[in-house]
Amino acid sequence: MRRAAAALFAALVLAAPARAERLIASLSSHRVQITSIINGVELVLFGTVEPDANSVPRNNAYDIIATVTGPRETEVTRRKERVFGIWVNVEARTFVEVPSYLAVLSTKPLQAIANEDTLRRLQIGLAHTLLPQQIGPDIADVVADDQFRQAFLRIKQARRLYSESTNAVTFLTPTLFRGSIEVPAEAPIGTYDVDVKLFADGAMIARTNSAFEIVKVGFERFIAGSAADHGILYGFATAAMALMTGWFASVVFRRD
Amino acid sequence: MEIYLPIADLPVNIFLVLAMGLAVGFISGMFGIGGGFLMTPLLIFIGVSPAVAVATVSSHIAASSMSGAVSYWRRRALDLALALMLLAGGIIGTVAGVWLFTLLRSVGQLDITIGVSYVLLLGSVGGMMVIEGVRAILRAHQGKPVQLRHPGSHTWVHGLPLKIRFKESRIYISAIPVVAIGLTMGFVGAIMGIGGGFLLVPMLIYLLRVPTNVVIGTSMVLTLITMASATILHAATNHLVDAVLALILMVGGVIGAQFGARAGQKMRSERLRLLLGVLVLAVGLRFAFDLILKPEDVFSIRPLEGVE
């Protein structure tokens, strides 16, 4: 009996990951209204690292890498070429279910936090994010220097929808950290997952999740919803609005 | 003051859009046209996607032609029978246009089609208008009498069968060219987001010999109905009509049109035609430059559409 209990205890200790630190994180807001982000919005990510009795002493300070992933959507990247003197879309690649928004925030440059293998394995950073393309019947990610992938990342970054900021998270005390997530006005509505990873000495030692939501509320949601769900009715209403406006103007400005 | 456009998914300055409505309305009132050929490019320029721009402008044109048509109706300066006959073709053309629009959008060639159509159509029509306008002004300058075609003269159009008499216009003409013109207008309007008043008026005058006093009123009734149905069709099939954007444009447009109409009455008609020709040509050239010049980035990304 005692032996069995000892075995069970040993199994539990071995099975439990060597996770000595607990990571706790949250956001300043979990619900953002689309009308309030006309000039973009900044959300604050904050959290703390709680070492417990089992914590091994770390040689270096903690590092945080937070990845914010927006709702996934399928996007088409097109390439123009000159055909008979005019620029025409000649080639297209479909990126299947890729993040519409992707922000990687960290305390230091990613390479200074963990080595390349670790980053690739954990898919950290824009260069290591999976961007599967539809190639014929197959869906697969391609080599990192593929021109469509490069163009996709470049355009997304120019529109501030994808970003990598290596100083966006700071430790206020050795265990308390704060980061800022910038969401541009263009960011689509939906759920944004925030994945926070804690690193020490080049290895991930804890991770946690949070999320926020960008929502259309009130009037905008009503309009967008009606247009999508009741297209014909919406069309008749818009046409009626046009006729009323025109008729009203002719009455107001009547000269004869 | 920034507002968020729910369908275009874009924040815009309400005063900028209102000013665009006023400016285009002023021009449309001055020349008696819908102004879609100016409004659609302007919307594309401020960042509205071409598809949403074309669909939304159709409702804007419906509003401005409604306000014009009502005034012409009060003066009985329109031919309802002719408008309805044109409309028969117009509806078929609109349905075909919206269908092609949806198809092109799904294969990613909509933007280029809109661009090329603008260049070809506006370039050729604008060019002809400018040449014709310059000639008319030169003739007037040299003191020669303006050569009007004889109203009773017949062309090949008058040889076609299925003749119908249109009382208001005092013409007796085959239904075939009437329906064909309506069809062309509906088709072109649905794809390019233009009412086509600047095309329809010359066609009615030169091909069908409709008297000038009923031409604009008739053209406005046709534009009104084709654009209202294009709005409904675009909303039903592509869900692209932005009612908020449309309302701001309309309000600006109908006000601007009133002032434009007063300004237009003070100008001589050949000057007015030349000015319109220059405007049409300029918009055509602007599109041509976009197509010919190397784009800043040869790559572009757009969410996959039409899969919902």
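1. In this predicted model, strand β5 of chain A and strand β5 (residues 299-303) of chain B run antiparallel and are joined by 5 bridges.

2. The contact between the two chains draws on 45 residues from chain A and 46 residues from chain B. On the side of chain A that touches chain B, the elements that each supply at least two residues are the strands β5 (72-83) and β6 (86-99), together with the helices α4 (147-158), α5 (218-229) and α6 (231-252). Of these, α6(A) provides the largest share of that side, with 15 residues. By residue class, the side of chain A that touches chain B divides into 25 nonpolar, 12 polar and 8 charged residues.

3. As to the make-up of the chains, chain A holds 6 helices and 14 strands, whereas chain B holds 10 helices and 5 strands. β5(A) and β5(B), the strands that pair antiparallel between the chains, therefore come from chains with these separate inventories of elements.4. Burial is given for each chain in turn: buried residues account for 29% of the 256 residues of chain A, while of the 308 residues of chain B 54% count as buried. Contacts can be set out in a similar way, counting those between residues at least 6 apart in sequence. In chain B, 80% of such contacts join residues at least 24 apart, and in chain A the contacts between residues 24 or more positions apart account for 67%.

4. What radius of gyration does chain B have, and what would a compact globule with 308 residues have? Chain B has 19 Å, and this agrees with the value near 19 Å for a compact globule, because that value is the one that goes with 308 residues. Along its principal axes, the C-alpha trace of chain B spans about 55 × 45 × 40 Å.

5. Within chain B, one helix pair deserves a separate point. Helix α1 (residues 14-31) of chain B packs with helix α9 (residues 243-265) of chain B at an angle of about 40 degrees, and their axes are 5 Å apart. The crossing in which α1(B) passes α9(B) is right-handed. The residues of this contact of α1(B) with α9(B) comprise 23 nonpolar and 10 polar, with no charged residues among them.

Technical notes
Residues are numbered from 1 along each chain as its sequence is written. Chains are lettered from A and ligands numbered from 1 in the order in which they are written. This is a predicted model: local features need pLDDT of at least 70, side-chain atom pairs count only at pLDDT 80 or more; totals for chains, interfaces and linings use all residues. Axes are lines fitted to C-alpha atoms, for helices over the stretch in contact, and angles run from 0 to 180 degrees between N-to-C directions. Helices (H or I, at least four residues) and strands (E, at least two) are DSSP runs, numbered from the N terminus. A crossing is left-handed if the near helix is turned anticlockwise from the far one by less than a right angle, and right-handed if clockwise. Ala, Val, Leu, Ile, Met, Phe, Trp, Tyr, Cys and Pro count as nonpolar, Asp, Glu, Lys and Arg as charged, and the others, Gly among them, as polar. The radius of gyration is taken over C-alpha atoms; the globule rule is 2.2 Å times the number of residues to the power 0.38. A residue is buried if 20 or more other C-beta atoms lie within 10 Å of its own, exposed if 12 or fewer, and partly exposed in between; C-beta atoms are placed from the backbone. Two residues are in contact if their C-beta atoms, placed from the backbone, lie within 7 Å. Two strands pair if DSSP finds at least two bridges between them.
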